[in-house]
Number of protein chains: 2
Amino acid sequence: MSILIEKLSNGLTVAFEPISGMATTSLSFAIPAGTAGDPEGSAGEGESTLLSELIVRGSGARDSRAFSEALDTLGCDRSTTVNANHVLVSATMLASRLNASLELIADMVLRPRIDAEHLEPVRQLSLQALHALPDDPQHLVMLRLAKLHFPSPFNRTGYGDEAGLQSLTTEHVRATWKRRAVAQGSILSIAGAVSPENAMPKLQELFGAWGGTNVEAKTFGPRSGGVDHYTLASSQTHMAFAFDAPTESDPDSFGFRIAAVILGGEASSRLFTEVREKRGLCYSVGASAATGRDRGVLQIYAGSTPQRAATTSKCIMDELVRFESGVNQIEFDRAKIGFKSRMVMSGESAMARASTITSDLFRVGKARTLAELTAMLEGWTLERVNDVIKRRMSAAWRATMSQATVGPNAVADEV
Amino acid sequence: MSILIEKLSNGLTVAFEPISGMATTSLSFAIPAGTAGDPEGSAGEGESTLLSELIVRGSGARDSRAFSEALDTLGCDRSTTVNANHVLVSATMLASRLNASLELIADMVLRPRIDAEHLEPVRQLSLQALHALPDDPQHLVMLRLAKLHFPSPFNRTGYGDEAGLQSLTTEHVRATWKRRAVAQGSILSIAGAVSPENAMPKLQELFGAWGGTNVEAKTFGPRSGGVDHYTLASSQTHMAFAFDAPTESDPDSFGFRIAAVILGGEASSRLFTEVREKRGLCYSVGASAATGRDRGVLQIYAGSTPQRAATTSKCIMDELVRFESGVNQIEFDRAKIGFKSRMVMSGESAMARASTITSDLFRVGKARTLAELTAMLEGWTLERVNDVIKRRMSAAWRATMSQATVGPNAVADEV
């Protein structure tokens, strides 16, 4: 497998990874209109989320109903989500329906109607989603953790601000989409059953005349960090911890991700074994590293009974201290095999490949084939991983911690 | 693709579906030790769930830690879940690790240690999961709905009974596993990169001497049905409705499933369009049909604000009444294309195929290739689907409704 990447003259990056033997095609389309570019708080935070709902409600010649019917008639399975940097459109369809699906998706991104009649229902849905967050405390605690740990405006929840959502008008969101949904900085990756020679002319036809200049959001200042507690009469105490991690382009990033798996990413990981299996302190515990373009984070989540919350938190902190001394050969070999297996599995999913390629193009400006990623992995040894742990997961690293809890009581005092 | 099915002399059914071009292998292993066979309530309900956690904690020569390390060293990604009829073991690994993974899984099923030292931590985790249910009200409402709508003991939540979990001893659960984890009635399907000629001797070696007789659970009596409300200070009112549906072997089952997609299974479905898009009543709404071996169910879920709950419920009921008049050609064609696309997509996932084959073997006693399923789908016309709707989704059908709500107030009175 090889990846073909082309940058159109208008700044849109397109990438193809044909995978032999597949009958379906997946695409991952990132448009630089993410939450970090929203107005602050009551000035309109939540706009990008509102837009991600509005653009699927009719475009070009089709009203809302006709548009979703057209996509369903193609058997095009799609979703639209938002993160700090992008509105992300993902879709999977039979290869024979790729061009027809692309026409509709181009309509949606370039010519959304954003009719006035849809604003109020979409606003109500967005407010409802915002108000419903306490009904999912595990999700809520991760959002509150990100709020603490990332600098504003890259720490937004994606659910918007109540007053901000209330303030938005059709004229305003229309103008915003026109200004922010631009070719420059957009990335469209297509993987699976796709012929670049056939798809490229279609993409030129659909997106060639697209224009616009992407203005990236900037940080307002340092993160707040520290400790946050949200009191909720939930059954469990949900606790989450964040620590700095390398960016994806940092030479340490792969080694750090291997370390994170050993710490809390698999059934035989340190946290799972010590906190869940051996001591039965909590049903769910785990760690994962996200290595972004501008910042990285290692997050740990645990849900325990309120009574065991302090012990659980203490047990996690003890494991972090112990982790600084490094991992052993068996742990390293195991984590490496796990990475390899997951890479092969992801190579059998067109959607996984399309979204990884889009993410790589944004984070490191290039896309890596599975063969390249495997070669990168092979370059890592136990010694190199332990060196990364020593340098980047020390006491100074632990001091970068932010902590959020959701539950009947805070656990901070007892830690 | 074709499916090879063999029934061993001890009653274990094994099935293979090799998929060309894949490098990974997935397996779905159903053991007839599901929740319906647990003792009732305080007598030990929750035993099968406890067992599904205990069997992964050491088997044969390996203690708990050595066992999970061995699987992680193979890069074997696995999970163990429980439903009414089975404990289900699912796993995906590189094809070269299939035999070694099967050895470990055979150890786990045939020779689990179930050491006394693990009972208490596992019991605590199970109790915690039970107590944590109100932290996920959307999940809770579906469990409470099933409780109403299915006859006992096929209506169990899978989280067990508090007193039942407390009552279980190591001796008891060990004896139960020995009695219930038997070859007869077990089904093991392997899909993806697999050679039946190579795998079959291994399966004979590992499972040939397995024995035992499967005693199926029987219903205690009719379902309770009716209306249930669980008061919770949640942000949303979570409402769920259940109606009877055909079993999978019923000639109407495929047509009923097509109808369910049109009712509430896709973005242009009736419920999504009317309740969510047009009226903005609730963020999530949808319907899905499950066609089992002994009973089928159509379930509808919606989450709305408490203020809009009665209107949402009313709107759903109105759509059900309207649905009885049938669907149109465009809706039918669209649903059919959606089915076709999803079938092709599932054919590209070894895990999806392995679990469908296991499920089919249990539900209808045979496995169907994608080509056979596609041919079945092609046999359906608008007229036939509308005939199924007329006969099986009428006022009499709506009267089979059970209704569960979780939230600050019941909505039943206002419906």
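Visitor: Which strands of chain A does helix α1 lie across?
Guide: Helix α1 (residues 47-54) of chain A lies across β6 and β7 of chain A and runs at about 165 degrees to β6(A). Helices (H or I, at least four residues) and strands (E, at least two) are DSSP runs numbered from the N terminus, and angles run from 0 to 180 degrees between N-to-C directions, with axes fitted to C-alpha atoms, for helices over the stretch in contact. This is a predicted model in which local features need pLDDT of at least 70 and side-chain atom pairs count only at pLDDT 80 or more, while totals for chains, interfaces and linings use all residues, and side-chain values use heavy atoms, with hydrogens and water left out. Residues are numbered from 1 along each chain as its sequence is written, with chains lettered from A and ligands numbered from 1 in the order in which they are written.

Visitor: How do β6(A) and β7(A) pair?
Guide: β6(A) and β7(A) (residues 87-94) pair in the antiparallel sense over 6 bridges, where pairing requires that DSSP finds at least two bridges between two strands. Within this pair, D77(A) stands opposite T92(A) in β7(A).

Visitor: And what is the strand order of the open sheet in chain A?
Guide: The 6 strands follow the order β1-β2-β8-β3-β7-β6 with mixed pairing. At the edges are β1 (4-7) and β6 (77-82) of chain A, each of which pairs on one side only, and the twist from one strand to the next averages 10 degrees.

Visitor: Which helix of chain B lies across that sheet?
Guide: Helix α12 (residues 329-347) of chain B lies across β3 (24-31), β6 and β7 of chain A, and its direction is at about 90 degrees to β7(A).

Visitor: Where does α12 of chain A pack, then?
Guide: In chain B, 6 bridges join β3 (residues 24-31) to β8 (residues 187-192), and these two strands run antiparallel, with G192(B) in β8(B) as the bridge partner of T25(B). α12(A) packs on the sheet there, touching β3, β6 and β7 (87-94) of chain B, and makes about 90 degrees with the direction of β7(B).

Visitor: What angle does α12(A) make with α14(A)?
Guide: Helix α12 (residues 329-347) and helix α14 (residues 370-378) of chain A pack at about 175 degrees, their axes being 11 Å apart. The two helices α12(A) and α14(A) are therefore roughly antiparallel; by the cut-offs used, angles under 35 degrees are roughly parallel, over 145 roughly antiparallel, 65 to 115 roughly perpendicular, and the rest oblique.

Visitor: Changing topic, how are the two chains related?
Guide: Chain B can be laid on chain A by a turn of 180 degrees and a shift of 0.0 Å along the axis, giving an RMSD of 0.0 Å, in a least-squares superposition on C-alpha atoms of residues with pLDDT of at least 70 in both. That is the relation of a two-fold axis.

Visitor: How many residues does the contact take, and what area is buried?
Guide: It takes 57 residues from chain B and 57 from chain A, contact meaning heavy atoms within 4.5 Å. The buried area is about 4,600 Å², of which carbon and sulfur atoms give 50%; this is accessible area (1.4 Å probe) lost on putting the two parts together, summed over both. In chain B, Q128(B), D135(B) and E348(B) lose the most area to chain A, together 15% of what that side buries.

Visitor: Why do the copies meet through the same surface?
Guide: Because 100% of the interface residues of chain B are also interface residues in chain A.
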